[in-house]
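Thanks for coming. Please have the sequence and the structure open.

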Amino acid sequence: MSGTRLAAPFGSLIDRTRPLHFRFGARTLSGFAGDSAASALVGAGISVLSRSFKYHRPRGLFSMTAADANSLIAAGAEPNAFAEHVPLTEGASFRGQNYAGSLERDRFALMGLFGRFLPPGFYYRAFYRPAGAWKFWEPKIRAFAGLGTVDTNGPHGYFDKAYGWCEVAVVGAGPAGLAAALAAAEDGAEVILIDRNPVIGGSMRQRRGGVGAEPLERNGKAGTIHVMTGAHCLGLYDDNWLAVGQGKRLHKIRAGRVVVATGAEEQPLVFRNNDRPGIMTADTVSRLIRLYGVLPGRRAVVVTANDQGYGVALDLVEAGAVVAAIADLRLAPDDGPFRREARAAGIELLDGWTAYEGHGRARLGVVTLAGVTGRGRVDDSRRRVDCDLLAVSVAQVPRLHLLCHRGMRPVHDGSGHSFASGELPEGVGLAGAAAGRYSLDAATRDGLAVGAAARQAVAGGAAPEPERPAPDGALFNHPWPIFPHPRGKEFVDLDEDLTIADIRNTIAEGWRHAELVKRFSTVGMGPSQGRHSALATQRLIAEATGQTLDAVGATTWRPPALPEKFGLLAGRGFEPVRRTAMHDRHVEAGAVLMPAGLWLRPAHYGGSGDAAGAIAREAANVRGNVGLIDVSTLGKLEIRGADAAAFLERVYTFAYAKQPVGKSRYVLMTDRLGIIVDDGVACRMADNHFYVTATTGGVDGVYREMLRLNAEWRMRVDIANVTAAWAAINLAGPNSRRVLERVADGLDLSPAGFPYLAVREGHVAGIPCRLLRVGFVGELGYEIHCPSGLGETLWDALVEAGREEGIAPFGVEAQRLLRLEKGHIIVGQDTDGTTNPLEADMAWAIARKKDFFVGKHAIGLRSRAGLTRKLVGFRLPAGESRVPKECHLVIRDGQVAGRVTSAARSASLGHVIGLAYVPAEHAAPGVPFDIRVDQGAMLRAEVVPLPFYDPDNERQDS
Amino acid sequence: MPFALLKYGLRRRYRPVPDLPPEPDLKKRYDVVIIGGGGHGLATAYYLATVHGIRDVAVLEKGYLAGGNTARNTAIIRSNYLTPEGVAFYDESVRLFQGLSEEFDFNILYSERGHLTLAHTDAAIRTARWRAEVNKHLGVASEVIYPDEIARLAPNLNLSRDVRHPVLGALYHEPGAIARHDAVAWGYATGAARRGVSILQKTEVTGIVKDGDRAIGVETNRGRIEAGQIVQQVAGASTLLADMAGFRLPIRTVPLQACVSLPVKPFLDPIIVSGSLHVYISQTPRGELVMGGASDPYPLYGTRSTLDFKEGLMANMLELFPFLAEMKILRQWAGMTDMSPDFSPIMGETPIRNYWLDSGWGTWGFKATPVVGKRMAETVATGTVPELIRPFRLARFDDIELLGDKGAASVGH
C-alpha cells in the first residue's frame, strides 16, 4: 500500500528525530513532529479518512487547503477537524467520521446504491403524503444528518483574545504576500504578515521552481515586519478589522491597509468517480512530498492543463514514484520548461486526453483515460492505466473570501477561466494569484507593486495606481475541466455529493438563478463553502441556460473564511458581576442574593431556609422599628449646566424649573409614544445642578437616551452617569430619625429642619453624604448617598447606631412588599411595553402646562381618546390564602381583561393585596373582578383605592 | 421508499417537470403589482390566484426569488405571543403552515421540535407566565416549566445553578417548529406561477407613479408598469419604498445577524431561546446548528456581518452548552429588519389609495408568511381589511393605539 516516508531533503517541516505515536480509530500509527494529522495519516498509509455526507462514499485527502469534507476527521473532542489544521501530537486520537460500523465497511454505504432515487432536493419531493407521513419519515432522515459527532461531555477548554494594530496587514506569506510585506515595510511602516502555514513562503516551498523562501524569510523577520504563522485570517470586517485565529487565541487586529495575498484554490477535474481516495490536487501531492516527506502513491497519473502539472510529475519521479502518464486536457499544449523536462525524462505524454473514470472501491486502482475532442466531450479512444494516485492540476480559483467580507462582489474574469475581484473595498489591496497573477514571477512583481502602494497610502501621499504585471490565469486555468459520463457520479461538489446531473436537473426544474441553484441543490453549502464547486456550477448553469458566465454571476463568500471554533470567538467570556460596597456585609448576614441586571442584591437575609418568614420579619421591622437596605444599585446621574432644569423639563414629565434648591421631586420618563420607561427622583443641589436617580436596570438606557437627546437639542448641560461612584442606603422605619441622629454630624433632622422630600448635604459618621428624605416603603426614611469607597463604613456606622433599637437589614423582597402596600409601582413590573402614565394612574406626575416633554403629544392623544385599561389596587377577601402570581390574568365574561402585576400577602393589612390592569370602565373602587390563578381556579378580587397603607402619608411625612 | 422517489430513480431518463415555469415577459399593466418577491409577497400572490381568482399579478423582485429575509431568517415558527391579537394571528399562521406541504405538493420540512424560551430572571419568569396564560386562554399550548422538566426536554442544556445566569424556568411551547424557509417561498412561488402569476426577478422598483392620492403604477429598472393595486412587502426596505410612495413609516431598519455551524449528528431536539443571554438555537435536518442573537445596536440599511456579533453570541452559547467550544461556525449573514415602535407589524391601508402595506415585521416575519399572504390577498381582493389584521393598521401610531408584543419578540431589542 502506498504512503511512504521519504528521506531528506523531502519533508522540510518534519523532524525525523522525533517520532510521535497516534491513534486512528483502533489502530496505533506513527508520524513525526511537524506533521499535521493529514500528512501523518497519509504517511502511515491511511487512504480513507471519512465517509461522504449523502452517499457515504469512502473519501480520502483531496486537498490540504480547501477545508472540504473529505479531510474532516474527529480529533480528540473536536468534531469536523480539518486534518491539515491539526498539528500532530504524541498520543493524539483521531477518528474517521460519518459511518456506521467501521470506516472501511460503513453500513450506510448502501446509500450510494440509492443515489438514482435521491435527486437534489429529494426531500422536497416526498415523505409528506398522506398527512402525517413526514412525522414518520423525518426522524429517520434526521438520523442521517451531520458529519462529526459532538461530545456532549467535552471540555470547555481555554481560549483567549489578543488585540493588535498595524499600518499594513498582509494576509498570505506566499510570493506575493512576502513581496508585498517587504515593499510595505520599506520606510519603516508597521507590518503584520499573517500566514496559516507553520512557516512562511507559501507555494515557493512546495512548488517545483520555487526559489526557496529563505532569503525572504530572513528579510521578513527583520525590521518592522511582525510575522504570524499558523495563523488563520478568518474574517475581514468593516474598517479593516481582522479576525485571526492562532491556536486557542483570537487576534483582533486593526489595520490601516490590508493586502490580501491569499493565493488560489486548485480545482477538481469533474469526471466519473473523481472522489475516489487517491485522487488529489497536484498542490496536495507537492505539499505532501516537499513539506512532509510523504509520497502519497507509488504509481501515478497526472492530469493537467498547464506546465505546473508537469512539474508535479517530475516531483513524483524525483521522490521515487512511477508516473505512468501525463494527460493534458489541452489539444495542443504549449511546450513549457517542465513539459520539456518530463518528455526528456521519458514520461508518456498524452496531449488531448483526460481522466474519464476512476476505478477501485476504497482506493483508486485504475483510471480510464479518454481522448478529448472539445469542450467536455471525448471520443471513443480509451486507455486504462493502473495507478494508485491521480494528481489533478487543471484550474485555480482565487481566494477572494476576505474581500467578500468587506462587501466586494466577485465577477467572472471575462476570459471564462476563473473568478476575479470586483471593485476593491476601501483600504484593501489584492495581489498575486488571488489577483489572477499566478506565475511566481508575476505574483512576486504584483506583490511588490501592491505593497508599495499600501506603503504610499499609509504615508498619506496620493498613491498612484501601481504598475502591475498582466494577469496570466489563462496559462493556468482550463476553461472546461468537466467531463460528463453516461453513468454519472461525476462530482461537482464533494462536500454535498452532488453530480453534474444533479446540477442540470436542478436547473431543469426551474431553479435557474445561480443563488437558487445553490439553495435548491445545496451546492456550495458544505464545509468548503463551494471552494471546489462554485466555478463548475456556474459553468453548468451558463451552459444549461444559454447565458454568459457574466450574466450568471458569481456567488459571494460570507465570513468566516475558514470555519472557526465557538470557543475561539467566545474567548474567556466576559460576564462581569457588579457588587456594591456593602456586599461582604450582606454575605456575612446570610443574604440570599439575586441578580439585578449585572448587580447582585440581597433578596432577603438569614439564609435560604425560611424565605417567607425572613421577608415577613424584615418587613415588620421596618414598619414597627427601623431597617436599612442597600440601594447602591440605583442609577445616579449628575446633570449640570445653565440648562440643567430646562433639560429635565424636556426629558421628564414633571416640572423642575421652579423646584427649590434642597428639594427632591419625582421623575417619570416616557418615550415618544408616551410609554413609561423609567422613574426616580431629581434632587436640586444648586440652581444649575441636579442629582437624579434612575432604576437599577434602566440607568444605562436613560443615560444613553439623555446623551442622544442632548446631541439633538444641544443644550448647555453636562450629563454624567455616576452610578458606580456612589453607594446608597435607605434607612427606614419610625425609629430611623433616632438612629440617624446619633451619627449625623450637626444636621438638623427635626421634621421642620429636614422635612419630607428635602435634600441635604452633610456628614454622617464623618462621611460626606447626600441625604434625601424619601418614602418608597412608606415610612419615615432617609436615603443616604456617600462615596462608594465609604459605603461599607457608613453601613457599619448605621448598624452600630441602631443596635439599641434592633436595626436589621432588609432585602429586595421585603422592599417589594412594603412598596406594594404603599401603592408605588415598579417600572418594568407594573408597567409593560405600552403603559402610559394615565393608565398607571400617574396623571399627577405630568406637568400639562409644559410646552414640551418627550411623549407629551402621545399622552395628549391617549388622554383625549380615553383609557382602555387602568392599573388599580385590589384586595382579596380576608380569608383567602391563595396569592395570585404576577401575570395571572384578569378574566371578565370569559375574555382576557387584564393581568396582575404585583401581589403579596400583607401582614400589616391582614389580606392579599396587589396591583392589576383592569378595563378602564371597571376600575372604580369597589368593583369586583376575577383572577384566574394556577390550575384555572378563579379568585374574586375587589378594586380598592391606593395606597393600601397609610393613605394620608402620615408616617412617611412625620 | 416513497413512490415519488422510485418514479424518479427508475425512469430511464429523468424528465423533470419544472417547479418554476420560465420567467414570462414583462407586461405593461397588471391588475395587482406586488413589490417584493419574498415569502410574504409570493404568498400574497399565491392566495390572490388560488382563493380569489386574481391571476393578473406581477411580483417584482429586485434580486432573486426569496433572497432577502426569507433566505436569511432562522425559520422558527411559533404562536406563543403575548397579546390576544398576536396569538390569534400567529395561530392561524401555524395552522396554515401545517397543511402547506400537501397543498403545495412540495415538502416544506415542517418539523415540530418544541420551543423553549428560557427564563434567567424573575422578570423573565413573569413574562413567560403572562405569555403562557394568554396562550392557554386562547387554546395555544404553552406552559411555564421548571428545570426538571427542561432537563427532560433538553438533556444537554447546562442547568447548573452555579453559573452567571442560572436557568430558573422556561416557557415551553410544544407546537414550536422549524421549516425549510426557502421551500415555503418556493412552494408559494411555484403555485402562483403555475396559475399565471408573473414572478419577475432582477426587477427593481425605483418609483411609485401616482395620480393625486392614488397609486397607478411603478417605475422599475425595466420601465414603467401600470397597476390596478399595489402591495408593498419589502421588509428592510419598507421605509425607502414608503418614501417613494410619499408617506412616512414609524419604522427603523436594524440589521439582524445569524450564523450556522458545521453539521454534526443530532443532539438537540427542541428550539432553545434565551432572552437574557440573547441566544436562539436549533438543529436543522442537515445537522447544522442555526443560531441567532440580538439585533445590531444601531439602525443600518445593510447586510454586512460583524465579528462582535459572533463573539457575544458564542460566549452566551457556551453558557448554555459548554461542550460546544470545539464546534465551528461555517457561515454568518445578516438581514435587515423593519422594527416598528410597538414591535408589532403594520398591515393594511396607507395614505395612498390602491397602495397596500405589509411591513414592520422586524425579526419574526417568516412565521407569519402564510397568514399574511392569505389576509393581504383578501385585503387586496375585497378592498377591505379583514378583522384579524385590523389591529395592525398603520394609523394606530397616529392615535397611539399600540399593540404590546415587545415581550414576545424572542430576544433583544
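Now the hairpin, in chain A. Strand β13(A) covers residues 241-246 and is joined to β14(A) by six bridges, the two running antiparallel. Two residues lie between the strands of this hairpin, and G247(A) takes a positive phi near 60° there. To find the place on screen, look for Q246(A), which stands opposite R249(A) in β14(A).

What else pairs with β14(A)? Strand β9(A), residues 160-171, is joined by 11 bridges to β14(A), residues 249-260, and these two run parallel.

Next, the annotated regions of chain A. An unreviewed UniProt entry places "domain: GCVT N-terminal" at residues 582-850 of chain A. In the model this span is 27% helix and 29% strand, and its end C-alpha atoms lie 41 Å apart. The UniProt annotation "domain: Aminomethyltransferase C-terminal", also from an unreviewed entry, covers residues 869-950 of chain A. Here the chain is 0% helix and 54% strand, with 26 Å between the end C-alpha atoms.

The unreviewed UniProt annotation "domain: Rhodanese" covers residues 32-76 of chain B. That stretch is 36% helix and 20% strand, and 30 Å separates its end C-alpha atoms.

Chain B also gives us a pair of helices to look at. How do α4(B) and α10(B) cross? The axes of α4(B), residues 84-104, and α10(B), residues 369-382, come within 7 Å and cross at roughly 105°. Angles of 65 to 115 degrees count as roughly perpendicular, so α4(B) is roughly perpendicular to α10(B). On the α4(B) side the contact is made by F89(B), E92(B), S93(B), L96(B), F97(B) and L100(B), and on the α10(B) side by P370(B), V371(B) and K374(B). Sorted by class, this contact has six nonpolar, one polar and two charged residues.

How far can we trust chain B? Its mean pLDDT is 91, and 94% of its residues reach 70 or more. Over residues 407-413 of chain B, however, the pLDDT is below 50, although this stretch has 30 contacts in the model beyond near neighbours in sequence. Where pLDDT is low, the predicted coordinates should not be read in detail.

Last, the two chains together. The predictor gives the complex an ipTM of 0.94 and a pTM of 0.92. How many residues are in contact between chain A and chain B? The count is 83 residues of chain A with 78 residues of chain B. The chain A side divides into 39 nonpolar, 24 polar and 20 charged residues.

Note on methods: Residues numbered from 1 in each chain as written. Chains lettered and ligands numbered in written order. Predicted model: local features only at pLDDT ≥ 70, side-chain atom pairs only at ≥ 80, totals over all residues. Pairing = 2+ DSSP bridges. Helix = DSSP H or I, 4+ residues; strand = E, 2+ residues; numbered from the N terminus. pLDDT = per-residue confidence, 0-100. Contact = placed C-beta atoms within 7 Å. UniProt positions renumbered as here; feature names shortened; annotations may be inferred. Axes fitted to C-alpha atoms, helices over the stretch in contact; angles between N-to-C directions. Parallel < 35°, antiparallel > 145°, perpendicular 65-115°, else oblique. Nonpolar A, V, L, I, M, F, W, Y, C, P; charged D, E, K, R; others polar.
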